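This report walks through one chain, from its overall build to single residues. Please look over the sequence and the structure before reading on.

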Amino acid sequence: MAGIDYGAIPESLAVTAVEPGDRDYPRYTASFLRGGAPALVLRPKNPAQVQDAVRFAASQRDVPLGILSAGHGISGRSLNYGGLVIDVSALDHVTPRGGRRVDIGPGARWIDVARILTPLGLAITSGDYGGVGVGGLATAGGIGWFAREHGLTIDHLRSVDVVTADGELLHASEDDNPDLFWAMRGAGANFGVAVDFEFEAVPVGDVAFAQLTFAVTDVAEFLENWGTALEASDRTVTATVLLGATRRGRANYAQATVVVDSGDSDVVLERLQPILRTAPLAQRSVAMTSYEEVMGAYLQEGRQQGVGEPLSHSAFARHLDPELSSELAAMLESGASHFFTIRSVGGAISDVPSLATAYGWRGANFALVALGSPDSGLDAWWARLSPSFEGMYLSFESDTGPENLAVAFPPAHLTRLRGLKRTYDPSGLFRDNFFIDPDVDTE
Ligand SMILES: Cc1cc2nc3c(=O)[nH]c(=O)nc-3n(C[C@H](O)[C@H](O)[C@H](O)COP(=O)(O)OP(=O)(O)OC[C@H]3O[C@@H](n4cnc5c(N)ncnc54)[C@H](O)[C@@H]3O)c2cc1C
C-alpha cells in the first residue's frame, strides 16, 4: 500500500510483520466492533521491539497509527485503513510478585488476569467483560465490578512502563516521571505505548452474581427507582442495567447484572432487596461464585468479527433524577438507541480527588452508554440530553472529535494534558483516541 516505507521496517520486526496478503492478515481486518485493512502490522514481542516499532512509526509521516492490545476499542481505532498498526498482544504476561503486587502486560485480557488472581484470593476492578484488553482499559480508567468499593482500575496502578513518541522507554510512578504517570491514568493513549503495568490487587473471595430481568411498563419510573436503589446501596454492590428500544404498548425488559462482593448469602440477599423491588421481576438467578467466573460470564472466544464503525455515545450522570429519567425513557421510546446501559460508578471512585489523575469526572454515580446507528436519531438525542450530563467516559464514546475533548476531560485536566502532550508527543504521533492536539492553544 502507498505511503509506507516497507524497506525500512526494522530488522527486529521484519520477520513477524504482517502485510496485506500474508497468512495472518485476516486477523487484522476485524476487531471486536469495527473493521480494518491496515497497510502494515508490526508485532513486537518485548519492550525493546516496541521502541523499534514506535521509532519506525515516527518516521512514516502522516500515516495513521493504531495501537492494538486486545481489539475492544470503542473510542480507540486500534485498526485502521491503509495505516500502521503496532500489535502488542504478545506482551501478555500476568506475573504475581508476592503480596498484592502483580505485573501485567498490555496484551493480557482481563479474563487472563482473573484466572491468575482468583486462586490467590485477589482481584483488580477491571470492567465487566473478560475479553477487554489491559492496554486499552488501564490507560483510560477502568469502570468495573467492585468500582464502588475499590475505585477504578487506574486507582490500583502503582507504575507503568511507557514507550513515548521519541522511542524512549520511561518508568512512570508517583516518584518517577510523575507528570507522565498522571497523564497515563485516564489519557494514556495520547502519551505512548504502555508495555508493563504494576498493579496492587485487593483481597476478594467468593462474590454473588445476580442476573435479573425486570418487566418494565414505565421506563422513567424504573430508571428513577434504579438510581435511588443503587445510590443507597452498600458499596460492595455494583450493577449494570441494559435496556433496548421500547416497543410501544409492551413491557420493556430491563436486564440487570449485579455483583455483590460478599461470600455470605444472607448479607447478599439483604443488600439485593432494594434492587429487587425496583420493578416486577420476570426472571432472577443469584449464584455465589468467583471473580474469574464473573469476568468469564459473557465472554465470546474466537476470532473478532467487527465490521464498519460503531455509533456509541457516552455520558456520566450524577443522579437518575425524574427529569433525566423521563428524557431517557423518551429516547428509548423513539428507537434512537437499541442498546442502552447504565453502569455503577461513584463510591470509592468519588473518594479520589478529581485532579489526582487525568480521569477527572469522579462525582458521577452512573456511566451511561447508548448504541445506535447513523440514521436512528441518536446524535440528536444525545445533544438534547447533554445539559443533564456531567462529562463522559471516553472509552465508551465513538465520536472522538476535538469538540468532545472538553466533554471527556474537565477544563483544568485538559489544560495540563495539552502542556504534557507538547512535552511527550509534540508531533502528535499518538492521535487515534481523543487526540489532544499539541498545536491548539490551551482553552
Ligand atoms: C464488550 C465491551 C465491554 C466493555 N466493558 C467495559 C467496562 O466494563 N469498563 C470499561 O472501563 N471499559 C469497557 N469497555 C471499553 C474498553 O475498556 C475500551 O474499549 C478499551 O480501550 C479496550 O481495550 P483493548 O485493549 O481491548 O482495545 P484495543 O482496541 O486494542 O485498543 C483500544 C485503544 O486503546 C489504546 N491502547 C490500547 N493499547 C494501548 C497501550 N498498550 N498503550 C496505550 N494505549 C493503548 C489505543 O488508543 C487503542 O486504539 C468495553 C468495551 C467492549 C467492546
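## Terms and basis

Buried means under 20% relative accessible area, exposed means over 50%, and partly exposed is what falls in between, with a 1.4 Å probe and protein chains only. By that cut-off Arg148 is buried, at a relative accessible area of 7%.

This is a predicted model, in which local features need pLDDT of at least 70, side-chain atom pairs count only at pLDDT 80 or more, and totals for chains, interfaces and linings use all residues. Residues are numbered from 1 along each chain as its sequence is written, and side-chain values use heavy atoms, with hydrogens and water left out.

## Overall build

The chain holds 14 helices and 17 strands. Its radius of gyration is 21 Å, close to the 22 Å of the globule rule for 443 residues, so the chain is as compact as a globular protein of that length. The radius is taken over C-alpha atoms, and the rule is 2.2 Å times the number of residues to the power 0.38. Helices (H or I, at least four residues) and strands (E, at least two) are DSSP runs, numbered from the N terminus.

Along its principal axes the C-alpha trace spans about 65 × 50 × 45 Å. Of the 443 residues, 58% count as buried. Contact means heavy atoms within 4.5 Å. Among contacts between residues at least 6 apart in sequence, 73% join residues at least 24 apart.

## Surface and charge

The accessible surface comes to about 17,300 Å², and 50% of it belongs to carbon and sulfur atoms. These areas come from the Shrake-Rupley method with a 1.4 Å probe; for residues, only the protein chains shown count as cover.

There are 33 positive and 55 negative side chains. The centres of the two sets lie 2 Å apart. Lys and Arg count as positive, Asp and Glu as negative; His and the chain ends are not counted. Each charge is placed at NZ of Lys, CZ of Arg, CG of Asp or CD of Glu.

Helix 14 (residues 411-424) has 14 residues. From first C-alpha to last it reaches 20 Å, close to the 20 Å expected at 1.5 Å a residue. The expected span is 1.5 Å times one less than the number of residues. Its buried residues are His413, Leu414, Leu417, Arg418, Leu420, Lys421 and Tyr424. Their cover includes strand 8 (169-173), helix 6 (178-187) and helix 13 (405-408).

How many residues of helix 6 are buried? The count is 8 of 10, so helix 6 is largely enclosed by the rest of the structure. Among them are Phe181, Trp182 and Met184. The buried residues of helix 6 pack against strand 7 (157-163), strand 8, strand 9 (193-200) and helix 14. Ser173 sits in strand 8 and counts as buried at 9% relative accessibility. Beyond neighbours within four places in sequence, Ser173 contacts Arg158, Ser159, Pro178 and Phe181.

Arg148 belongs to helix 5 (residues 147-150). Leaving out residues up to four places away in sequence, Arg148 touches residues including Leu230, Asp234, Ser344 and Ala348. Arg148 and Glu174 are 26 residues apart in sequence and 24 Å apart in space, C-alpha to C-alpha.

Ser398 lies in the loop between helix 12 (378-385) and helix 13. Ser398 is buried, at 8% relative accessible area. Its C-alpha is 5.8 Å from that of Leu311, 87 residues away along the chain. Outside the four places on either side in sequence, Ser398 contacts Ile74, Arg77, Pro310, Leu311 and Ser312.

Gln60 is in the loop between helix 2 (47-59) and strand 2 (65-68), and Asp62 lies in the loop between helix 2 and strand 2. Gln60 counts as buried at 7% relative accessibility, whereas Asp62 counts as exposed at 73%. Neighbours within four places aside, Gln60 contacts Gly3, Ile4 and Asp5.

Most residues other than glycine have a negative phi. Asp62 has a positive phi, near 60 degrees. Phe434 has a positive phi too, near 55 degrees. Phe434 is in the segment after helix 14 and is buried, with a relative accessible area of 1%.
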